[in-house]
Amino acid sequence: MVPVRLDLELKQNTLIVRLSGDLDLAITDNLRSSLDEAIDKQSVSNLIFNLSQVTFIDSSALGVLLGRYKRISRRGGRVCIVGLQPQVRRILELSGVFQVMDEFPGENVALENIG
Amino acid sequence: MKLEFLSVPANVAFARVTVAAFASQIDYTLSELEEIKVAVSEAVGNSIIHGYENAPDRFVRVYAALTRDTLEIRVEDDGKGIEDVNKALQPAFSTDDERLGLGFMFMNSFMDSLRVESAPGRGTVVTMSKRVGTGMAKVGPEQ
């Protein structure tokens, strides 16, 4: 089993999710449960996905990100994305993700905007 | 080239990396190779999730052939098949809440041709091709 390459940090009530490597079907179950556990255990209002170390993403992993967006938005929170590599950005653009998630150049800018 | 592997998620990466390495014999740009990887990932992922409904003991077959300027890929499974192929090709369609129906949309956008043959109980065959130098992904009203 491929381990989820995931680093989580809570700043105030915003969970920063740093992912790395290739995000595909092999990691979706672990990623989904790790994120849901973190969201449920801590009082998370907003999410920032830092994808600067992500080299590949397909629709299965994208579905996990959008599923967490649904959860957070139901609580009235915001979900942002930072650090996209060009090939990952194209996938996100095609999928329409930017209609619901804002992109910022870095974590600090995203935190300022969310706050 | 022919690959045959078990229907487990870890093999999705194996399939896309192998096809991309095979395709790199002709003059694709890195961006085009990335597009090929996404298309293979989506097709193989569909076979595992939808065709075999996550059963890990079935087989997915991937064939790839190269001409001077074109790659053709065929991804086959012997799974449950698709009842309504035209409906499955619609971007908003998915039988799974988190899958979003984006898989075929990515295949269609990143490859020059996409054909899906399927019938309930008779598996699915996805055939795709891509020419060298066709540029950026199509983004248009057909999606």
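Start by selecting Arg16(B) and Asp22(A), which form a salt bridge whose closest N and O atoms are 3.4 Å apart; the term stands for a side-chain nitrogen of Lys or Arg within 4 Å of a carboxyl oxygen of Asp or Glu. This is a predicted model, in which local features need pLDDT of at least 70 and side-chain atom pairs count only at pLDDT 80 or more, while totals for chains, interfaces and linings use all residues. Residues are numbered from 1 along each chain as its sequence is written, chains are lettered from A in the order in which they are written, and side-chain values use heavy atoms, with hydrogens and water left out.

Next, show both chains together. Between chain B and chain A the count is three salt bridges, and the side of chain B that touches chain A draws at least two residues from each of H1, H2 and helix H4 (103–110) of chain B; helices here are DSSP runs (H or I, at least four residues) and strands likewise (E, at least two), numbered from the N terminus. H2(B) gives the most to that side, with ten residues. By class, the side of chain B that touches chain A has 15 nonpolar, six polar and nine charged residues, where Asp, Glu, Lys and Arg count as charged, Ala, Val, Leu, Ile, Met, Phe, Trp, Tyr, Cys and Pro as nonpolar, and the others, Gly among them, as polar. The contact (heavy atoms within 4.5 Å) takes 30 residues from chain B and 23 residues from chain A.

Now select residues 10–23 and 30–51 of chain B, which are helices H1 and H2; these pack at an angle of about 145° with their axes 8 Å apart, the axes being lines fitted to C-alpha atoms over the stretch in contact and the angles running from 0 to 180 degrees between N-to-C directions. Among the residues that meet are Val12(B), Arg16(B) and Val19(B) in H1(B), and Leu33(B), Ile36(B) and Val40(B) in H2(B). The residues of this contact divide into ten nonpolar, two polar and two charged.

Then move to helix H3 (residues 86–95) of chain A and H4(B), whose axes come within 11 Å and cross at roughly 115°. On H3(A) the contact is made by Arg90(A), Ile91(A), Leu94(A) and Ser95(A), and on H4(B) by Met105(B), Phe106(B), Ser109(B) and Phe110(B). These residues divide into five nonpolar, two polar and one charged.

Finish within chain A by selecting Arg18(A) and Asp7(A), whose side chains meet in a salt bridge (2.7 Å, N to O). Arg18(A) lies in strand E2 (residues 14–23) and Asp7(A) in strand E1 (residues 6–11) of chain A, so the pair ties together parts that are eleven residues apart in sequence.
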